Amino acid sequence: MVRRLVFFTYNFAILLDHRLLKLLIIALMKVLDIQALDPGDPLSSAVREFETGKPDRVVKCDILIVGGGMGGVAAALSAVADYLRDSTGGRRPSKLSICMTEETNWLGGQMTSQAVSALDENWLVESSGAPASYQEMRRQIRDYYLERFIINKHARIDKKTFNPGSCWVTRLAFEPKVGLAILDRFLKPAVDSGCLKIFHRHKAVSAAGKRSPDGRVRVKSVSAIDLDNGELTEFRPKICLDATELGDMLPLCKLAYSSGEESREQTGEPHAAEVPDPENVQDIVYPFVVEWRAGEDHTIEKPEGYDEFVEANQYSLLGYRMFVSALEHRDDGTTRELLPFWTYRRLIDRNNFEDLNYANDLAMINWESNDVRDVNIIDKSPEQIAENLARAKKVSLGFLYWLQTEAPRDEGGKGYPEMKLRPDILQSDDGLAKHPYIRESRRIKALNVVKEQDIGKGHVSGVRARPFKDSLGIGHYPIDIHGRQVPGAAQATAPFQIPYSCLIPMDAENLLPACKNIGVTHITNGAYRLHPIEWSIGTAAGLIARYSIRHNLQPGKISKNLGNLIDIQRELAESGNPLCWFDDVPTDHPAFAAIQIVSLFDLIPPDEDSLSFRPDDPLSRRQAAQILDRLIQDRKSKFCFIADIDEDAPEFDYVARVVNTGLMELDDMGNFNPEDLFSQGDFAICARSRTFRLPRQQSVFLDSLDDEHREENGHDYLEISRAEFAQWLYTVVSYKKKWENLALRSVARSAI
């Protein structure tokens with residue numbers, strides 16, 4: 001009946017005034033409901049037709065976040081942070097209205113609905129290698145288990161590093177539904193305050209915008225279908241964040257983007273392909289969770305397509321054994337220990353608990369054998385995507401069946417029927433993840449695209465990747481490419497940064513990426529796609545959006561005024577978000593923000609051969625002079641006699657400047673004593689100078705500046721630590737409003 005009505009309306013409309021056309025035309029749109037996909041009947045179960053036309057409701061908002069994965073959740077938290085923060089002593093900012101859509105009924109993306117809850121992280125994630133908010137999320141996941149379940153008192157568990165699954169791929173593995181509970185708890189204050197509205201089971205299907213004369217698109221509205229009841233909601237945001245798993249807003253807004261594999265000519269990357277291949281995206285996979293039930297048989301029915309997958313050698317343990325370690329003998333004569341397959345991504349280790357809820361182990365299965373290669377779901381019809389995802393589900397179910405019936409047993413024989421599929425863990429009918437694990441997205445055409453040469457360990461000289469002065473976060477993970485690739489493309493990386501310029505599309509005014517869709521290549525996406533990095537991207541995008549609205553600035557224009565960009569960087573650092581890599585400055589260090597910013601702008605440059613800042617180490621007078629010299633505006637050298645430094649010495653100019661400026665003094669013999677420690681007495685002279693004097697209430701380390709206190713305690717020559725000096729520098733430069741000048745100098749030095 002609807003199809004006839006559409007046909008009739010189309011033919012009859014040509015006889016009517018154009019003004020009536022909009023009222024009569026009923027459009028039908030096919031939409032894929034991924035969560036509803038049944039691998040046995042993908043088209044009927046997941047490809048749905050909805051009538052679209054006049055929206056059922058219109059929602060105006062300041063910020064629309066399309067996609068509720070890790071990036072989307074982090075963006076929401078960041079966008080509301082200033083309103084929810086304790087406003088004691090200051091005026092509370094106005095409330096922003098934020099809407100977030102998510103096509104499944106679970107927030108959290110790769111750590112929840114995609115079932116990859118054995119987190120892919122770096123070795124410093126517990127201290128300095130991830131945002132404080134991400135660390136807090138991990139802490140609350142640990143506490144969830146520690147507080148609700150009976151822990152084995154004989155397990156010798158350290159509560160600060162507790163890993164419920166005791167798995168070897170990560171420091172923290174957990175049930176996806178527990179991750180969901182923590183994320184919902186994180187967002188509850190924002191929802192309760194009215195700042196945030198979450199629209200579960202809503203999928204963006206169209207967008208409207210206006211293109212300016214310079215070719216940049218301003219998004220005016222985004223329409224989303226409620227997949228449960230077919231209602232259409234039109235959102236009218238000031239800023240739109242694309243946190244979808246596949247960068248869905250880019251084609252909807254008719255923006256340029258990259259997809260799949262670029263060529264060497266396009267990117268200049270040594271390990272890019274000779275010919276671009278948009279179809280070559282990273283493998284997708286449907287993880288699942290199984291329970292080990294000794295002595296029982298839980299073999300599933302043989303899945304459709306299983307024989308075909310076996311014939312194609314889809315399934316293997318790759319030399320690993322189930323419960324014991326194995327040795328891999330390499331061609332170069334070395335050996336490598338292969339740890340047990342079962343404990344690879346184990347979510348629950350029953351030996352950690354004395355609780356009936358966890359009488360058996362639970363393991364999440366995400367292995368090369370259930371990866372699906374050469375199956376692209378980007379820019380395909382709903383029918384094609386449904387068929388491809390159905391195949392991916394059958395591959396995963398086939399792997400489970402193979403594990404139950406054909407996998408070599410450690411003691412001999414075949415098959416582990418003791419593995420029981422647990423659909424209740426993922427709350428799905430078939431026991432597979434609600435959404436496939438997505439490793440690669442469409443990617444914006446950004447102001448700056450991060451390339452292999454920027455982060456590959458073989459391309460950098462020091463211990464860090466290429467420095468970005470517009471850094472908004474950090475990350476570290478190998479370039480991990482699941483799928484076809486040029487040999488050598490998968491490679492180690494140096495600890496890297498997330499530059500502001502890779503979040504800014506060249507052709508959009510008010511749309512920002514907040515997931516894996518930033519300005520990276522097919523190769524570098526392999527390092528930027530992991531859990532804490534996506535969280536950092538979302539955190540930065542949420543703050544940029546909030547700052548843009550508060551200051552009536554479009555995101556692309558923020559970086560044109562360094563002062564605005566520095567405001568964002570300072571807030572990120574003060575909220576515990578690392579911008580530079582250090583292995584000895586955790587996010588809860590008292591001088592964390594100061595060290596991050598003074599290092600970013602080279603007031604205290606990071607070592608090239610070490611990730612250490614050495615916050616507790618003292619400074620020499622030479623080092624202090626070199627740092628202070630960077631704050632002096634007048635760069636002209638004036639005559640100064642220094643008894644113990646030759647005029648031709650490299651340090652003479654900067655020492656002379658700090659002496660002439662009155663920041664440091666010579667002794668009675670005219671010596672500077674460059675190798676002596678920078679003492680509290682030296683610091684007091686510097687801090688009281690006309691150049692850097694602060695109002696009393698803004699002074700730091702008041703004890704160090706108090707003559708009477710120093711004399712009573714014999715502190716005239718007690719050294720000042722690097723962290724203390726960094727904190728004072730940060731306070732002084734902020735008060736004197738000199739960050740922009742310092743940033744310009746730092747950028748200029750980097751360009752030389």
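Predicted model: local features only at pLDDT ≥ 70, side-chain atom pairs only at ≥ 80, totals over all residues.
Packing between helices was then examined. Two packed helices are described by the angle between their axes and the distance between the axes. For helix α4 (residues 70-79) and helix α7 (residues 176-193), the axes come within 9 Å and cross at roughly 25°; as angles under 35 degrees count as roughly parallel, α4 and α7 are therefore roughly parallel to each other. The crossing of α4 past α7 is left-handed. On the α4 side the residues V73, A76 and L77 take part, and these meet L183, F186 and L187 of α7, so that, by class, the contact of α4 with α7 holds 6 nonpolar residues, with no polar and no charged ones. An α-helix has 3.6 residues a turn, so residues three or four places apart point the same way.

In the second pair, the axes of helix α6 (residues 132-148) and helix α15 (residues 531-550) come within 9 Å and cross at roughly 130°, which makes α6 oblique to α15. Here α6 passes α15 in a right-handed crossing, and the contact is formed by S133, Y134 and M137 from α6 together with H531, P532 and W535 from α15. Sorted by class, the contact of α6 with α15 contains 4 nonpolar and 2 polar residues, and no charged residues.

Technical notes: Residues numbered from 1 in each chain as written. Heavy atoms only, no water. Axes fitted to C-alpha atoms, helices over the stretch in contact; angles between N-to-C directions. Helix = DSSP H or I, 4+ residues; strand = E, 2+ residues; numbered from the N terminus. Parallel < 35°, antiparallel > 145°, perpendicular 65-115°, else oblique. Left-handed = near helix turned anticlockwise from the far one by under 90°. Contact = heavy atoms within 4.5 Å.
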